Amino acid sequence: ALGDDSPIVVNVQGDEPLLPPLAISRVIGALGRDAAADMATLGSPLMHTDLLDLNRVKVVASPAMRALYFSRAPIGVSRAAIDEARASPERVREVALGVRTSWRHMGIYGFRREALFRYVGLPPSPLELVEGLEQLRALEAGMHIALAEIEAAHRGVDTLDDLLAVREEFLRAHVSAG
């Protein structure tokens, strides 16, 4: 895609095999709505089960749906919600926290062509190295990341259990289709 004049380049990370096509449309749409954004990514409502899970990346966004920070740690939620999750992990539910500041991040990026060339030329940043999250490189360089929303997270592959579940889902789909 970089050999042509495509104004937008979309990157779906390999650990997102079940990403629905709607996700790609939402990310491209976010770039269309935010002309000043250099890139866009995707978030879904943060669930209680995601809060303390260090395998799930969270993103904090402004009211204008601009990414402010990404982390595997609990961010953008009340101290009370964190304390409750720590004190009563058995009560942690698969329900949304109901916050509009913190989202579960998914590994898809839409780049404006010029922004992609800028991004790949940047060296790893201090926060990127601390958190192990490449999107922090863009934020530290002053790039703007629009956040598109999708109603529910799909299963990504962040752990061995995720991989086994995704394999099973693919096998079921193959058997039912064949």
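Tutor: Let us begin with one side chain: Arg-26 is partly exposed, with a relative accessible area of 25%. Buried means under 20% relative accessible area, exposed over 50%, and partly exposed in between, using a 1.4 Å probe and protein chains only. Please note that this is a predicted model, in which local features need pLDDT of at least 70 and side-chain atom pairs count only at pLDDT 80 or more, while totals for chains, interfaces and linings use all residues. Residues are numbered from 1 along each chain as its sequence is written, and side-chain values use heavy atoms, with hydrogens and water left out.

Student: With which residue does Arg-26 form a salt bridge?

Tutor: Side chains of opposite charge can pair when their charged atoms come close. The criterion for a salt bridge is a side-chain nitrogen of Lys or Arg within 4 Å of a carboxyl oxygen of Asp or Glu. Here Arg-26 meets Glu-151, at 3.2 Å from N to O. The two partners are 125 residues apart, with Arg-26 in helix H1 and Glu-151 in the loop between S6 and helix H7 (160–177). Glu-151 is exposed, at a relative accessible area of 54%. Helices (H or I, at least four residues) and strands (E, at least two) are DSSP runs, numbered from the N terminus.

Student: How many salt bridges does the structure hold?

Tutor: There are eight. One of them joins Asp-34 to Arg-66, whose closest N and O atoms are 2.6 Å apart. This pair also links distant parts of the chain: Asp-34 is in the loop between H1 and strand S2 (39–45), and Arg-66, 32 residues away, is in the loop between S3 and S4. Asp-34 is buried, with a relative accessible area of 15%.

Student: Is the pair of Asp-50 and Arg-104 made of buried or exposed residues?

Tutor: Asp-50 is buried at 3% relative accessible area, and Arg-104 is buried at 12%. Their closest N and O atoms are 3.5 Å apart. Asp-50 belongs to helix H2 (residues 48–51) and Arg-104 to strand S5, 54 residues apart. Salt bridges can also form a network, as they do among Asp-53, Arg-56 and Asp-158.

Student: Which residues touch the most other members of the largest nonpolar core?

Tutor: In soluble globular proteins, nonpolar side chains tend to be buried together. A nonpolar core is a set of buried Ala, Val, Leu, Ile, Met, Phe, Trp, Tyr and Cys residues joined through side-chain atoms within 4.5 Å. The largest one here has 21 residues, and Phe-70 and Ile-145 touch the most other members. At least two residues each come from strand S3 (58–61), strand S4 (67–71), strand S5 (102–112), helix H4 (113–120), helix H6 (135–140) and strand S6 (145–149). A second, separate core has 13 residues, among them Ala-23, Val-27, Ala-30 and Ala-37.

Student: What does Phe-70 touch?

Tutor: Contact means heavy atoms within 4.5 Å. Leaving aside residues up to four places away in sequence, the partners of Phe-70 include Val-57, Val-59, Ile-75, His-105, Leu-136, Leu-139 and Ile-145.

Student: Which nonpolar residues form a patch on the surface?

Tutor: Patches are made of residues with over 30% relative accessible area and no salt bridge; like charges are joined within 9 Å, and nonpolar side chains (Val, Leu, Ile, Met, Phe, Trp, Tyr) within 5 Å. Val-12, Ile-24 and Ile-28 form such a nonpolar patch, with about 190 Å² of accessible area together. Accessible areas come from the Shrake-Rupley method with a 1.4 Å probe; for residues, only the protein chains shown count as cover. Ile-24, in helix H1 (residues 21–33), is partly exposed at 33% relative accessibility.

Student: How many aromatic pairs are there?

Tutor: Rings of Phe, Tyr and Trp (its six-membered ring) pair if their centres lie within 6.5 Å; planes under 30 degrees apart count as stacked, over 60 as edge-to-face and the rest as tilted. The count comes to two. Tyr-109 and Phe-111 have ring centres 6.2 Å apart and planes at 40 degrees, so this pair is tilted. Phe-111 and Tyr-119 are also tilted, at 5.6 Å centre to centre and 40 degrees between the planes.
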